[in-house]
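User: I'd like to go through this structure and check what the labels rest on. Can you take my questions one at a time?

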Amino acid sequence: MNGGLGSLRLEAVEVMRNALISAENLQLTLKSDFSSEEQALTNNHSSGNQGKPSRGNEDLKEMLESNKESLKLEAMKRIVGLIAKGKNASELFPAVVKNVASKNIELKKLVYVYLVRYAEEQQDLALLSISTFQRALKDPNQLIRASALRVLSSIRVPIIVPIMMLAIKEAATDLSPYVRKTAAHAIQKLYSLDPDQKEHLIEVIEKLLKDKSTLVAGSVVMAFEEVCPDRIDLIHKNYRKLCNLLVDVEEWGQVVIIHMLTRYARTQFVSPWREDAVFDENNEKAFYDSEEERRVDQSKLYIMDPDHRLLLRNTKPLLQSRNTAVVMAVSQLYWHLAPKHELSIISKSLVRLLRSHREVQYIVLQNIATMSIQRKGMFEPFMKSFYVRSTDATHIKTLKLEILTNLANEANISTILREFQTYVKSQDKAFAAATIQAIGRCATNISEVTDTCLNGLVLLLSNRDETVVAESVVVIKKLLQTQPSQHSDIIKHMAKLFDNITVSMARASILWLMGEYCEHVPKIAPDVLRKMAKSFTSEEDIVKLQTVNLAAKLYLTNSKQTKLLTQYILNLGKYDQNYDIRDRTRFIRQLIVPNEKSGALSKYARRILMAPKPAPVLQSAFKDRDRFQLGTLSHTLNSQANGYLELSDWPAVAPDQSVRNVEVAEPVKEAGAPALGKSKPSKSAEKFYSDSEEEEEEEEGSSSEDSSNSSSEESESEENSDDSDKSSSSQSEKSSSESDSEKKKKTLKNKKLQQQKPDSKDRKQKNGNAVKGGSRSESESGSESSSSESSSESGSESGSELDSDSDSGTDQKKNTKSKPAQSKTVAKVEKKEVSLLDLDDFSPAAVTTPKSSILSPSLLSDLQGLSISPTASALQTSSPVFVPETSHELLHRMTGKGLSAQYRFTRQPCIYGNSMVSLQLTLSNSSDQALENIHISEKTSTGQNIHRFNAIERLEPQASVTVSMGVDFNDSTQAANFQLCTKEDEFSVSIQPAVGELLLPVTMSEADFTKEQGKLVGMNESSATITMTPENVSSQSVNRKVVSVANLGVIPSSQENIHRFVGKTVSSGSLVLVSVALNDPDAVITINTEKTVMGSMLLRQFKTALTNGGP
């Protein structure tokens, strides 16, 4: 190393000697007539400004050449002001560079600011002062040393590379972190000037990576990414230090470090995404029932590397950063590195960014669109945030439309289609066309709404706007390919509209449909071909090609009517100007018209032209973008950009983790470092980087709840203030409140540590987590008994952590026998804490359910007639016409170890909540021992709101008990999964509702029925024609069949052949109108409702019930 420095010094001295000799000669030449040189420079620049001389610049030159420091300082301030306004001040370079050796510090700083800007443009003149720059590298002022190095690295002349190299090496060992930061920036400039210096620069980077200053970290990692991004061996020893320093690094440094650590982690840790992996980090017993199962399943066990967890834990607080780039960087890190059950914590952060500027929205929405394809559940709770606003630009609207389409499923499709119906009417024609394509994608992805979407698109064919009509035709064409035989009426309807459609793509689509399914419309297709023969010469090329195809297919299937027409069209195409049409015509003629020259191919003409075509797959435009790293330019452009570094695949076997074994030293604040913000208390810093502090505080458990509740109440008013004020002043609030809270915690710890330790340990084993001082609930996959997050940040972060805990894969670890008092404490904490990410319009408010009581059947029947719907005046709930006595098995006695359970739907309004479905549960004990403490667990895996019955303290052998409960199915047939527990065991059970049980009957007049039915048309209407069996034709039979399928009320009808039924959905109160029109022996069933999925499912069940015989 010393030998290398010595040779560099000798080389630098030689270069200096040559540079000084050339500079002296240049000065002797210029000295006699220096002003004329200045004048020439001035004239050159003035001629570029249309020949107008700049009097202001002459004044500035005079001021710079005066003997008064004050005039020079004023001149430099004005010059820097001109640069700040974007004006060209390069002609003043000779006058400014003379003052570089000034003894006035303020003047020297301004001169260096100027030189950094223009040193690259005026390289020859800058070389004259190179000796001054070198002397400035030894200046006692750190800002002057850094400025001199910055100017030196801005002179892009290969001859001074050795001088720059020597200056960088010396600056890298400077006592000031600001100078070391500048040295890291200079490394990139020198590398771009002379790539041959790479090995020397890597040595400097290696030294700077060991730097403990947060000021240097971001800059040196940027240099590492530019010079040697593949040398991950340089990161091993510094990995943990970079993770721990991350929160204190300046924002743009955080972005660079996070991206680098993302690439590093993909090469050093095994994948947490294994499908058969069991996430068990130091808590295996919670997952396994016996020692034998544990031994068998050892191969499936996944234990996250502690360094992997360290990275995820230390980046998590940055999701609340004010800088959108930092939030985006952390989100992509979690997406590429975190276990899938932990991804939900980034959703709220990304949705928060949608309140930012349009440019930020565009990038964030692009990334969400990619994520939502693979993980719909992440963003489904925030679906309303992606509704299109009238003020959104077209590209923002299109991205939101893409995301809504990706999020569509059976539960929310009716809401999404209602939104799409509004979007189709938009004045933005490009957006309206994109909406129609989105409707087509929904129809192909969700089979229940295919018919509904088709009916809605057919209605759009009568729209006045050509763009909407054309796009509808194209989408209908794709949808009809899935089931053409059932939709010949739609093909006929499109043929009638053919004359009015002028958009070429739409006309071509109709012609293709006519040819492909000409056997379904044998009378209409020849007539369409006749019309096309008249206008063939004036059509667009794409329409002509489809006309030739139609003629060929009709010639093969109906040659009697179309033989002459086909010959006429083929003759027209033979002499067309477009060579594609001429070639197609000649090929078709040889294929379908047999003659002597025809080969064997003409025998297979029908099989070639009429071969069944596979239905097109309507895919998202963002389907393949996941091959690029999220948040990168390549992902935005969907094309690999220059400098893009691909993420490597996860290694099959984890590399040796001992390479990272280095003591993590806390950053030491240098005296010479310029203050970038208020310093944090040392105690807070210790807690952030130390795990032992967190462990001790977690052991306190709920003992510190009383003291922390008062402080949380005081801070609540501050947290409810404006988000921007909170984020900008958070540092000062933390530092001012830290000392008081620390004293309280220490006193509390000394008093109650001994008696709390046994309780807290027991609580950890049972619950898998500890409630920290009433301020935080931590359950990141149960792996870490401690966290390195600062307690000063826990208040603002806990909201997002509590949200993420509900999605965590370790929910099953919690014992259901947890104390009621403790669950109340957790609920209280969740209510009090306010997070920056907990925005009112993003997530619905939590619904608190009252404690239930076991109701006797008699009391239940007394309360069943009550109607507690808020819209009772408008829609009066009536008594059910038919109540099925059928019970469904919930738990078999063999599975339940003697406990069996059956449930049935009472079809009555639920007394526990307006949106709940009422159920009656019968529990039986078929064992020979009494069962104790029968209850429902507090956790539900699917998230439905369940009103539980009170715990049954004891159920004697061979005894039974009937209890009632309520479940809010959210108008979905998704099963409600929960745990039915006894004192010793837990059993996973599920209640699967039939779609007809999600309704309540209401009373309505026939006139009101007709009025409401007129409002629910288009996509809100589903209908089918069926042939009924003779025993089902009577009115009594129809009514009995319909009300047995669905809980509907019967409306008295003035027409004997029309039967009407009405109900409303339990959860949302949406109307469901059913009418059955008898026309012996056929019947038309029509269902009108906003819940299109429910409508399709009801229609299917009614068809089955009315076409089958029997009761």
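User: Why is Asn 638 called partly exposed?

Analyst: Asn 638 has a relative accessible area of 27%. Buried means under 20% relative accessible area, exposed means over 50%, and partly exposed is what lies in between (1.4 Å probe, protein chains only). So Asn 638, at 27%, gets the label partly exposed. A word on the source: this is a predicted model, where local features need pLDDT of at least 70 and side-chain atom pairs count only at pLDDT 80 or more, while totals for chains, interfaces and linings use all residues. Residues are numbered from 1 along each chain as its sequence is written, and side-chain values use heavy atoms, with hydrogens and water left out.

User: What makes the phi of Asn 638 worth a remark, and where is the residue?

Analyst: Phi is near 55° there, a positive value in a residue other than glycine. Asn 638 is in the loop between α34 (633-637) and α35 (682-689). Helices are DSSP runs of H or I with at least four residues, strands are runs of E with at least two, and both are numbered from the N terminus. Gln 958 also has a positive phi, near 65°, and belongs to the loop between β10 (952-955) and β11 (960-968).

User: Is Gln 958 buried or exposed, and what makes it so?

Analyst: Exposed: the relative accessibility of Gln 958 is 60%, which puts it over the 50% mark. Glu 938 is part of strand β8 (residues 931-940), and its C-alpha atom is 8.3 Å from that of Phe 978, 40 residues apart along the chain.

User: How do you know that Asn 367 is buried, and what does it touch?

Analyst: Asn 367 has a relative accessible area of 1%, so it falls under the 20% limit. The residue lies in helix α20 (residues 358-374). Contact means heavy atoms within 4.5 Å, and on that basis Asn 367 touches Met 328, Leu 630, Gly 631 and His 635, not counting residues up to four places away in sequence.

User: What about the whole chain: how many helices and strands are there, and what share of the residues is buried?

Analyst: The chain has 44 helices and 19 strands, and 52% of its 1111 residues are buried. Of the contacts with a separation of 6 or more, 69% are between residues 24 or more positions apart.

User: What makes something a nonpolar core, and which residues have the most contacts inside the largest one?

Analyst: A nonpolar core is a set of buried Ala, Val, Leu, Ile, Met, Phe, Trp, Tyr and Cys residues joined through side-chain atoms within 4.5 Å. The largest has 256 residues, and those with the most contacts inside it are Ile 79, Tyr 114, Leu 115, Phe 386, Phe 420, Leu 980 and Phe 1102. Helix α18 (residues 324-337) gives the most to this core, with 9 residues. Apart from it lies another core, of 9 residues, including Leu 875 and Phe 1009.

User: Why are β5 and β9 called edge strands?

Analyst: Two strands pair if DSSP finds at least two bridges between them. The open sheet of 5 strands is antiparallel and has the order β5-β6-β7-β11-β9. β5 (888-891) and β9 (945-947) each have a single partner strand, so one side of each lacks a neighbour in the sheet. Further in, β6 (residues 899-909) and β7 (residues 917-925) pair over 8 bridges, with Ala 901 opposite Leu 923 in β7.

User: How do you know that β19 pairs with β15 and β18?

Analyst: β15 (residues 1021-1027) and β19 are joined by 7 bridges, and β18 (residues 1071-1079) and β19 by 8. Both counts meet the requirement of at least two, so both are pairs. Each pairing is antiparallel. Ser 1022 stands opposite Ile 1087 in β19, while Val 1076 faces Ile 1085. A hairpin joins β18 to β19 through 2 residues. β19 (residues 1082-1089) is mostly covered, with 6 of its 8 residues buried.
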